[in-house]
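Morning, everyone. Please bring up the model on your screens, and we'll walk through it together.

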Amino acid sequence: MEVLKDSVLIVGGGPVGLSLSLVLAKYKISSVIVEERLEPTALNESRAITWMPRGIEFLSWLGIEQDFLNKGVIRYYHQFESAKQILLTWSFKEIKSPYSYSLQIPQHTTEVILEEKARATGLVDIRRGHKVTKVEQHSNQVVVSIAHDNQVYDLCAPWGVGCDGTKSKVREGLNIKKHWRDYGTYSAVADFEMDCDLDKELSNIVLDPKRPYGFFYFAPGCWRLIYRINEGEDRKDVASKEFALKLLKEKLPNSDVHRFLWVSSFRLGQGQSETYQIGRWLLAGDSAHAMGPSAGAGMMVGILGAWRLGWRLALTMKNHPQSLLLLQDYSHEQHAAANEIQDNNAMIFKNMSMRNPIIAAGRSFLMRNVLSKVDEIGKIALEKEALLRQSLPVSSATDRHIPSGWIEQKRARDWILGQRVPYIVNQLDFNPLTLTGLGYTIFSIGKSYKKKEEELFQQLLNSLKIPMDAKLVLLDKSSLYRVDDTKFTFVVVRPDQHIISILRKE
């Protein structure tokens with residue numbers, strides 16, 4: 001048996017497993033990734049292509065966003081159409097993020113970059129062609145049996161994380177039940193290298209009840225076509241090269257196809273594991289919450305979950321006294337976060353499933369004559385899609401503490417309990433993405449009086465039982481991050497930049 005004394009075992013070397021290894025490496029924790037595939041996702045199989053602004057912020061936090069920006073293409077707009085006219089167009093340009101766009105990049109490229117960065121840390125051992133055949137655990141370690149080169153060996157580690165996808169061997173081996181939501185239809189995606197007259201910075205979604213479809217530019221010279229497989233159609237025939245090319249020519253007669261790349265069909269459905277933790281095993285990504293393909297939600301929720309899990313595992317490996325309870329909070333909070341996105345996806349899937357032309361006409365009227373007239377609706381919708389408005393349920397979290405003499409607030413202007421630190425455009429005195437330590441951070445965002453602020457900070461520092469950064473973030477008096485000039489207000493922020501407490505001193 002091979003024993004890993006100081007490393008986390010990660011089963012699955014896709015985007016989520018690789019991202020988790022990079023988070024751990026940032027905190028100087030080593031990991032071993034075992035991956036059944038010999039190579040990354042095939043280049044022609046684009047699969048998960050979308051990085052939303054929150055995901056790009058994660059890449060920035062790791063210091064590798066430029067590697068992705070150099071390889072990807074940018075999209076600024078969502079456009080919804082009926083079979084006859086444009087219904088509404090939403091723009092990413094007004095959202096509250098330093099990255100006011102989405103980034104399209106094939107999953108192959110994502111995995112290649114992440115793997116290269118992980119290996120470069122010197123803290124990540126990636127073993128390709130190693131297939132997990134058995135999963136178990138003991139009181140102080142997890143154990144897997146692995147088949148490799150016609151041999152089987154056992155590997156044990158203090159902690160293990162299953163990042164091995166929808167058909168997770170880890171989840172199956174731990175007998176964790178998965179609940180499935182089904183939306184009663186299949187869809188297909190087909191990718192082409194081609195020239196056409198569509199706007200590359202815009203996604204086109206045509207809500208035609210006869211067959212909804214859409215186009216996305218996802219890599220230099222490459223386009224994705226997504227469409228519904230209708231009831232009664234043969235799934236194999238409709239998800240074929242011949243059908244996809246025929247549909248493409250029907251919808252874009254002036255397109256010039258250079259090369260057909262890939263086509264695949266999938267059931268519109270979503271899965272949710274009953275728990276994300278059993279003992280020393282945890283689940284992340286599709287192993288925990290399988291998302292139907294929708295605007296990159298599955299990969300983004302999984303990767304942000306890896307960020308939320310990584311610092312907790314790092315504290316656990318460093319034997320912090322509250323770390324076991326923090327891991328339980330991960331399971332609870334990430335479960336709620338995934339449920340929220342799946343509820344949002346459900347509305348999209350129901351629209352894709354809609355076949356009644358009368359109901360579809362009513363939907364088109366609402367979108368064109370109501371939703372398109374209110375800019376704030378589009379901004380809120382895109383910020384939700386970009387995961388900028390997601391609030392974690394932290395009211396009962398282990399690290400939430402209200403010291404005696406302090407009053408907790410749920411919100412202080414843009415600072416919202418359970419959400420990430422806000423990003424304020426053109427505010428140069430502070431950038432949330434510069435927070436990279438393993439300790440929690442305290443911000444003074446209320447009344448500005450340096451001597452008193454530092455005195456109150458020391459009181460907080462002494463009363464909180466979580467690993468704290470010993471330095472107060474003292475914002476400039478005129479900073480837009482300041483919310484009040486009459487009360488002293490402090491915010492406690494986790495290593496993943498979520499706000500765990502907003503405390504006011506009368």
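One term before we start. A nonpolar core is a set of buried Ala, Val, Leu, Ile, Met, Phe, Trp, Tyr and Cys residues joined through side-chain atoms within 4.5 Å. Keep in mind that this is a predicted model.

Now, the largest nonpolar core. It has 142 residues. Which of them touch the most other members? Trp51 and Trp415 do. Helix H8, residues 297-317, supplies the largest share of this core, with 14 residues. A separate core has 23 residues, including Ala188, Met194, Leu198 and Leu225.

Back to Trp415. Set aside residues up to four places away in sequence, and Trp415 touches Lys410, Val421, Pro422, Phe443, Ile445, Tyr481, Val483, Val491, Ile499 and Ile502.

Next, Glu35. Find it in strand S3, residues 30-35. Is Glu35 buried or exposed? Its relative accessibility is 8%. Buried means under 20%, so Glu35 counts as buried. What does its side chain reach? The backbone nitrogen of Gly13, at 2.6 Å. Beyond its neighbours within four places in sequence, Glu35 is in contact with Gly12, Gly13, Gly14, Arg127, Arg128, Gly129 and His130.

Last stop, the second largest pocket. About 300 Å³ of space lies in it. How many residues line this pocket? There are 15, and Lys96, Glu383, Leu388, Ile416 and Gln419 lie nearest its centre. Helix H11, residues 375-385, gives the most to the lining, with three residues. By type, the lining has nine charged residues, five nonpolar and one polar.

That's my tour. Thanks.

Conventions
Residues numbered from 1 in each chain as written. Predicted model: local features only at pLDDT ≥ 70, side-chain atom pairs only at ≥ 80, totals over all residues. Heavy atoms only, no water. Helix = DSSP H or I, 4+ residues; strand = E, 2+ residues; numbered from the N terminus. Buried < 20%, exposed > 50% of the residue type's maximum accessible area, 1.4 Å probe, protein only. Polar contact = N/O pair within 3.5 Å; in protein donor to acceptor, adjacent residues only side chain to side chain. Contact = heavy atoms within 4.5 Å. 1 Å grid on protein atoms, 1.4 Å probe; cavity = no way out; pocket = protein on both sides within 12 Å on 5 of 7 lines; lining within 4 Å. Points joined across faces, edges and corners; volume = space filled by probe spheres on them. Nonpolar A, V, L, I, M, F, W, Y, C, P; charged D, E, K, R; others polar.
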